[in-house]
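Thanks for coming. Please look at the screen.

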Amino acid sequence: MQVDPPRPRVMGILNVTPDSFSDGGAFDDPTRAGARARQIVSQGADLLDIGGESTRPGSDPISLDMELARVLPVLDRLGPDSPLPLSIPISIDTRRAAVADAAAARGATILNDTAALRDDPEIAAVAAERGMTVVLMHRRGIPRTMQQSVSYDDLLTEVRAFFEDRVEAAIEAGIPRERIVLDPGIGFGKSALDNERLLAHLDRIRLPGIPLLVGASRKSFLARHGGQLAADRLPGSLAVAAVCARQSVEFLRVHDVAETVAFLRSLAAIEGSVIEGASEVAHS
């Protein structure tokens with residue numbers, strides 16, 4: 001997971017689930033999922049994130065066998081041993097060691113763990129042994145109940161302390177610091193105002209030398225600014241992309257890949273032109 005060029009790198013979302021909050025059921029067939037993966041690549045994504053279990057607020061866990069049955073047929077169509085291997089890195093969005101291990105065997109090089117290595121005691125060892133980059137996400141509580149009672153004494157301090165703890169645990173498990181990415185967990189055990197506060201102050205939760213990944217795409221807190229349906233929240237999602245780009249966030253996890261890539265390129269080009277023009281004026 002490299003952090004150059006300076007614009008945020010785009011991680012395209014591929015949910016192979018029937019119940020994800022935005023696109024549940026759209027890609028739960030392996031053939032459709034494989035086609036969508038290749039479309040995500042063609043739209044300019046830098047990475048692909050495949051998930052077989054919804055961890056949306058209110059969701060219940062599924063069995064290991066069900067999660068494997070969802071993700072492995074898709075990975076078999078995309079990994080390095082497939083007839084047409086994917087040209088970008090593959091991330092597996094899971095909390096289970098067995099799923100991470102099976103995905104790594106099929107070419108996944110990134111573990112995106114919404115539990116930050118806490119839900120399965122074996123998952124850190126799998127990531128270390130397989131040499132995976134690991135995304136550690138802040139989440140308080142469990143998906144089924146995490147939005148029922150949301151209150152923080154000091155949100156930013158708590159998230160940063162959580163990051164420090166989980167990074168230490170990952171390193172102790174054999175995962176090098178340079179293979180760690182941190183995710184503030186937008187929408188996971190947080191109010192709408194909490195989400196906006198985190199996005200406004202990402203600099204205060206950063207740890208030195210560790211990239212940030214933000215996943216706010218189509219999430220419900222954006223409905224405060226228009227878009228009651230998840231599919232109608234592109235404007236809010238792009239506003240988040242702009243806020244993250246200006247704070248040098250390294251990765252954005254999004255549903256709307258083509259629109260986000262075009263937006264970020266336009267933003268970088270326009271801001272670059274403005275800076276160049278201001279410099280020319282200052283030296284004229």
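Helix α3 is followed by G107, whose phi is positive, near 110°. Helices here are DSSP runs of H or I with at least four residues, strands are runs of E with at least two, and both are numbered from the N terminus. This is a predicted model, where local features need pLDDT of at least 70, side-chain atom pairs count only at pLDDT 80 or more, and totals for chains, interfaces and linings use all residues. Residues are numbered from 1 along each chain as its sequence is written, and side-chain values use heavy atoms, with hydrogens and water left out.

Back to α3, residues 97–105. Its buried residues are A97, V99, A100, A102, A103 and A104. Buried means under 20% relative accessible area, exposed over 50%, and partly exposed in between, with a 1.4 Å probe and protein chains only. These residues pack against α2 (64–78), β3 (90–93), β4 (110–113) and α4 (123–130); contact means heavy atoms within 4.5 Å.

Now the salt bridges. One is a side-chain nitrogen of Lys or Arg within 4 Å of a carboxyl oxygen of Asp or Glu. By that rule there are 16 salt bridges.

Which residue pairs with D49? The partner is R253, at 2.7 Å from N to O. D49 lies in strand β2 and R253 in strand β8, so the pair ties together parts that are 204 residues apart in sequence. Both D49 and R253 are buried.

D119 forms a salt bridge with R95, with the closest N and O atoms 2.9 Å apart. D119 sits in the loop between β4 and α4, and R95 in the loop between β3 and α3. D119 is partly exposed at 37% relative accessibility, whereas R95, at 14%, is buried.
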